[in-house]
Amino acid sequence: MKTPIYMDNHATTPLDPRVLEAMMPYLTEHFGNAASRSHPFGWAAEEASEQARERVAALIGGSGKEIVWTSGATESINLALKGITEFYKDRGNHVITAKTEHKAVLDTCKRLERSGCEVTFLDVDKHGRLDPEAVRAAITDRTVLVSVMAANNEIGTIHPIREIGAITREKGVFFHVDAAQAAGKVALDVNECNIDLASLSAHKMYGPKGVGALWVRRRPRVRLTGLIDGGGHERGMRSGTINVPGVVGFGMAAEIAQREMVEESARVRALRDRLQQQIVGGLDMVYLNGHPEHRLDGNLNLSFAFVEGEGMMMALKDVAVSSGSACTSASLEPSHVLRACGVEEDLAHTSIRFGLGRFNTEEEVDHVAKLVVEKVKRLRDMSPLYEMAKDGIDLKSIEWSAH
Amino acid sequence: MAYSDKVVDHYENPRNVGSLDKADPNVGTGLVGAPACGDVMRLQLRIGDDGVIEDAKFKTFGCGSAIASSSLVTEWVKGKSIEEAAKITNSAIAEELSLPPVKIHCSVLAEDAIKAAIADYKQKKGV
């Protein structure tokens, strides 16, 4: 077993060797510009890009003609949200999203607010799930767009996308789905779910970094104002030379994900359950964040009461995980996602996110579980809060010094 | 963020972890921070009748820098008079541990813990 062990697959995934193999020729001999229509170098690049469009679109049940290449999901999200609200500004200026969205959505929405849009940030339930009826209730005759992530990047909760899509379609409102975490991991069909725009990223599905896609529905047609002007590439929606090796890798990654999804999700889920059982079996006062059932197979987000997340990560130095605590930031505020789920602030500071993926093994899981149990015990022995709790002191009764 | 060797050393081999008897009139207890902010330090000092700190123990809920800061101050205060200990500044702690700017907060907490422990001792003694 090699260390360090990678268990942060929500942040990024390693490149699948099969993806690299597919990309290699497009870095060397087939180096053409896909926009060069006058010679075989350009034709080869264009053909590869078109094949990749089909593969990426197929993953979500769309057509290759509906794919706009971008630099990643953040750019796709910016293009979707700004592009739609700009193009349809005569129709309305109201956008609906959720409090647990990725910063790429939340920060874009805050910018939209500064430029005159009205944004509703919906609450979620304690498992981080959005109620479709809350979406319905928030829609007004000025609403142009609803944007909801398919699966949350921190707690793995999967939203009822199909139900939300039925509502947005009924109301004639555009529906954008940030599918960066979900695509390739859970079945997601843009037609069944009535999605109008979907943001995707290659590096979350064992593809290369720096390449993403915005899927934009053609029937009924969805139009948007491009953000980057230039050569009019991507039907004017996103100018710029196509990252051909990147999109070829994305296509291959999507193709593998689609082919192996069923088998892989079962395997990853078994690993996640094994990790969870061993940790929860070895420790008391461990709490699951996110939805117990509707969640990504590779996601395990746990709060270890009385042990601060950053301190915990330092103890797990040979394991790459992440924390919803905010000890590294100046704000001292823990994850907005955990807070939106109503997780108490003290517990939110104790959360660790394990992200399992294609290349994790049982051996790694067993090692990490053992390490977590051992280190949590050690840190609890060092924690004044654990001692106080054991002594029967109600931590809420203490007047803590504000700082 | 990469931690300095000194932070790692104090984190992996924390000095003086534990508790002193809170009821002992010669023990001052300082509890600072808040669980909701992600860090709580408890520093306890046993102070001789000559005003010299004989023993120090800590327990900390927090990140590596918070644990290291509290471990370091337990070493620093031992053998010092309470007046000398009260002069330990957060900047000295931050400098010793090479804390990055975002972790200065941990050293402030450690300074506050010393002051709080001394204040508790003085209150007990009625001085």
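Predicted model: local features only at pLDDT ≥ 70, side-chain atom pairs only at ≥ 80, totals over all residues.
Residues are numbered from 1 along each chain as its sequence is written, chains are lettered from A and ligands numbered from 1 in the order in which they are written, and side-chain values use heavy atoms, with hydrogens and water left out.

**Overall build**

- Chain A contains 12 helices and 13 strands; these are DSSP runs numbered from the N terminus, helices being H or I with at least four residues and strands E with at least two.
- The radius of gyration of chain A is 22 Å, which agrees with the value near 22 Å that a compact globule of 403 residues would have; it is taken over C-alpha atoms, and the globule rule is 2.2 Å times the number of residues to the power 0.38.
- Along the principal axes, the C-alpha atoms of chain A fill a box of roughly 75 × 50 × 35 Å.
- Of the 403 residues, 58% count as buried (buried is under 20% relative accessible area, exposed over 50%, partly exposed in between, with a 1.4 Å probe and protein chains only).
- Among contacts (heavy atoms within 4.5 Å) between residues at least 6 apart in sequence, 74% join residues at least 24 apart.
- Chain A has 48 positive and 55 negative charges, and their mean positions are 4 Å apart. Lys and Arg count as positive and Asp and Glu as negative, without His and the chain ends, and each charge is placed at NZ of Lys, CZ of Arg, CG of Asp or CD of Glu.

**Backbone details to look up**

- The bond from Thr3(A) to Pro4(A) is a cis peptide bond with omega near -5°, and Pro4(A) sits in the segment before strand S1 (5–6).
- Arg219(A) and Pro220(A) are also joined by a cis peptide bond, with omega about -15°; Pro220(A) is in the loop between strand S8 (212–216) and helix H7 (244–282).
- The loop between S8 and H7 also holds Glu234(A), a residue other than glycine with a positive phi near 55°. Glu234(A) is buried, at 9% relative accessible area.
- Asn194(A), not a glycine, has a positive phi of about 55°. Its place is the loop between strand S6 (174–178) and strand S7 (197–201), and at 18% relative accessibility Asn194(A) counts as buried.

**Aromatic rings**

- The count comes to 6 aromatic pairs over all chains; rings of Phe, Tyr and Trp (its six-membered ring) pair if their centres lie within 6.5 Å, and planes under 30 degrees apart count as stacked, over 60 as edge-to-face and the rest as tilted.
- One of them is the tilted pair of Phe31(A) and Phe41(A), 5.2 Å centre to centre with 35° between the planes.
- Phe31(A) is exposed at 54% relative accessible area, while Phe41(A) is partly exposed at 43%.
- Tyr206(A) and Phe359(A) have ring centres 5.7 Å apart and planes at 80°, so the pair is edge-to-face. These two residues are 153 residues apart.
- Tyr206(A) is buried at 4% relative accessible area, whereas Phe359(A) is partly exposed at 39%.
- Ring pairs also link Phe87(A), Tyr88(A) and Phe174(A) into a cluster.
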